[in-house]
Amino acid sequence: MKGRAIVMIAGAIIALSGTKQAALAIQACTNAANCVEVKVDVGTTTMVKAGDTFDANVIFKQGPSDGQPGGIDEIAALALSLSLGTPGGSGTPLTLATCTLDGSGFPSADVTIDPSISNFNVVVENANCANGRTHCLCPDAGQTRDNFINLVIYGPNPLPTPGPAGIDIPTLPTGPQTLVTFHLKVDASAVAGAVPLHIINQVEDASRPQFTAFLSVGDKLAVDQTCTPVTGQPPCSAADSVSQVAITNAQVTIKSGCVGDCSGDGAVTVNELITMVNIALGNNPVSACPVGDANGDGEITVNEIISGVNNALNGCPGAAAQ
């Protein structure tokens, strides 16, 4: 069991240090209820602006019991890359909220580990630029800032002292259960529009950006359960591979800060002005166009509608710079 633990740990971390790789045409889960579930969730946070902070939760749920040792009901290790924007895109619309690193280089101020996995190791593989790295989430000397988070979770923690006894590999919670919460910030340079928080995976992504990895889950017997195992084939490499993981992504929309720009695309349209009027009349809630409520008092007034009209006629302030 000790050897299996080492294989599982090494495999998870190596997976997050490779180069760009093409994916096969892997079929999605045919029934989500029969798969492991991995989800990124931002709660009710859907509209943000530059400088705002919010939380993104990584939620996990074991697959149904198969009555066998190991399998998708005994997942014990998880490795994933969470894209903070369009996978492979440029720019860093979202960052860790503070990038405050502890003595081990872990961003403990920006990552909350749920007590349910206190007996697991949680690694943010690209948190810091130590040892000459040219890119990371928290550059300290002009390196490139990553727009993705490489996360690895494995047990046990602490690792036992080597000896004749085997190592008991713990399984992740049955769930659904939040494992890790990332505290994120909207960068001051972020452009208005939708920003995906996307788990890079072999079902939805034709390839993975450099330095990221496809989602991978391993059971307590160190068997990769990301795809239905095919005898004699490496994981997920068979032509008829079927995913064993149901994935749910999230997104936030960055507001332009322009009164009346309900969609956050940097411009005010006639339809958006009509939406503001309907809110003012009480026909729609303010949540239909939060940026129409310039002073944040929970309603839209005539003055705010006039501001929206001016922005429609003259353009949003700063739109040209975007």
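The questions below set values against definitions.

This is a predicted model, in which local features need pLDDT of at least 70, side-chain atom pairs count only at pLDDT 80 or more, and totals for chains, interfaces and linings use all residues. Residues are numbered from 1 along each chain as its sequence is written, and side-chain values use heavy atoms, without hydrogens and water.

Q: What makes K49 partly exposed?
A: Buried means under 20% relative accessible area, exposed over 50%, and partly exposed in between (1.4 Å probe, protein chains only). K49 has 40% relative accessibility, so it counts as partly exposed.

Q: Why does the pair E125 and R133 count as a salt bridge?
A: The N to O distance between E125 and R133 is 3.1 Å. The limit is 4 Å, so the label holds. E125 is partly exposed, at 22%.

Q: What do K220 and D168 tie together?
A: Their side chains meet in a salt bridge, 3.8 Å from N to O. K220 lies in the loop between β15 (216–219) and β16 (245–248), and D168 in the loop between β11 (148–154) and β12 (177–186), so the pair ties together parts 52 residues apart in sequence.

Q: Why is D168 called exposed?
A: Its relative accessible area is 59%.

How values were computed: Helices (H or I, at least four residues) and strands (E, at least two) are DSSP runs, numbered from the N terminus.
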